[in-house]
Amino acid sequence: MTLRLNGNTSGYTEIDAPAVAGSNTLTLPTGAGSANQLLKNGSTAGSLAFGTATEDGSGNFAFNSGYGSSAVAYGCRAWVNFNGTGTVAIRASANVSSITDNGTGDYTVNFTTALVDVNYVTILTVAGNRNATDQMVSNVGTNGNASTTNPETYSTTQVRIRAGNTEPTFSNNDVTYYGVAIFR
Amino acid sequence: MTTSRIIYSNTDGSVAVIIPAESVELAAKDVPAGLAYQIVTTDDVPSDRYFRGAWVLGDCCIEHDLGKCKEIGHDKRRVQRAEEFKPFDEIIAKQIPGADALAAEASRQQIRDRYSEVQDAIDAAADPDSIKAALEVTP
């Protein structure tokens, strides 16, 4: 059964049920809500309610989630967590097509969908397998690497990362886990 | 997670290994333009990364360049030796009162002698495992 709402002048809008067996009841919210609020399932399934999260019509999504008030949140555009010792393997990821193992402590993260520009922030974390007396350092992209003459990469499609020790001189070092997150 | 890997040789002779997040077909776009590549499995990629910088692409698979293994071995030898020198260097450099500088120097000489033997063993090594074994010296 289709419910058809005719337009004031021409055309119409239809509300249709899915072509599957079973019965469902959706109850509309009690009020009209506020501007930009998102409609969601309420605490009882099927009872629709307006959530506090909003989308302002320009694709800016705002929510609270412990921030203190609802505010626009900025997205992590790609991330990956991978093993850096033994058989190198991706543990989990999003918007990452692959990682390239370039050498000891040296990887390139390749994005599935390219970023809009190169003005993004790369967060690199490393965990485990370091000498207790060494300082662990990590390098991202173009600058700050004292150990290599290889060309560096910080582009819309990939970013190169390194981890190493400072003692007695800088040297790349494999670590147990790498985490890379891209914000823009 | 796929167990497929893409391997290729860079223009400088080093080996790169691509680890796909989902599919090897999607990851193939990440091979630099113009470079030939092979699709292999994790079984074809060494899990021992001790001499990762010495990997080269042989006729069929990843192999170790013995000369590069020795360079890496010597680098590791110098790092290990510096770590062992450290406490005695402190005593001698700072002339710490009450500390025996002569004993510290004797200890440094023992370390020098031991690592001189390691240096010879690395130079004489016929395979990567022998280099690794030579570096397993304990104070």
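A search of the whole structure, which is a predicted model, finds 1 cavity of 30 Å³ or more. The largest cavity holds about 90 Å³ of space. Its lining draws on both chains: chain A supplies A:Gly86, A:Thr87, A:Val88 and A:Asp101, while chain B supplies B:Arg5, B:Val17, B:Ile19, B:Thr42, B:Val45, B:Pro46, B:Arg49 and B:Trp55. Sorted by class, this lining comprises 6 nonpolar, 3 polar and 3 charged residues.

**The contact between the chains**

The size of an interface is often given as the accessible area lost when the parts come together. Here, chain B and chain A bury about 1,900 Å² between them, with 49% of that area on carbon and sulfur atoms. On the side of chain B, the residues that lose the most area to chain A are B:Ile19, B:Ala21 and B:Arg49, which together account for 31% of what that side buries. Two of these residues, B:Ile19 and B:Arg49, are also named in the lining of the largest cavity. The contact involves 26 residues from chain B and 31 residues from chain A.

Between chain B and chain A, 13 residue pairs are in polar contact, both residues being at pLDDT 80 or more. Several elements of chain B, namely strand 1 (4-9), strand 2 (15-20), helix 1 (24-27) and helix 2 (66-94), each contribute at least two residues to the side of chain B that touches chain A. Strand 2 of chain B provides the largest share of that side, 6 residues. In terms of class, the side of chain B that touches chain A has 14 nonpolar, 3 polar and 9 charged residues.

**Salt bridges**

Side chains of opposite charge can pair when their charged atoms come close. Over all chains, the structure contains 15 salt bridges. Across the interface of chain B and chain A, 3 salt bridges are found.

| Residue of chain B | Partner in chain A | Closest N and O atoms |
|---|---|---|
| B:Arg49 | A:Asp101 | 2.8 Å |
| B:Arg49 | A:Asp174 | 2.9 Å |

The salt bridge of A:Asp101 with B:Arg49 has its closest N and O atoms 2.8 Å apart. This pair crosses between chains, running from A:Asp101 in strand 9 (residues 96-103) of chain A to B:Arg49 in the loop between strand 3 (37-41) and strand 4 (55-57) of chain B. Both A:Asp101 and B:Arg49 also belong to the lining of the largest cavity.

Definitions and conventions:
Residues numbered from 1 in each chain as written. Chains lettered and ligands numbered in written order. Predicted model: local features only at pLDDT ≥ 70, side-chain atom pairs only at ≥ 80, totals over all residues. Heavy atoms only, no water. 1 Å grid on protein atoms, 1.4 Å probe; cavity = no way out; pocket = protein on both sides within 12 Å on 5 of 7 lines; lining within 4 Å. Points joined across faces, edges and corners; volume = space filled by probe spheres on them. Nonpolar A, V, L, I, M, F, W, Y, C, P; charged D, E, K, R; others polar. Contact = heavy atoms within 4.5 Å. Buried area = accessible area lost by both parts, 1.4 Å probe. Salt bridge = Lys/Arg side-chain N within 4 Å of Asp/Glu carboxyl O. Polar contact = N/O pair within 3.5 Å; in protein donor to acceptor, adjacent residues only side chain to side chain. Helix = DSSP H or I, 4+ residues; strand = E, 2+ residues; numbered from the N terminus.
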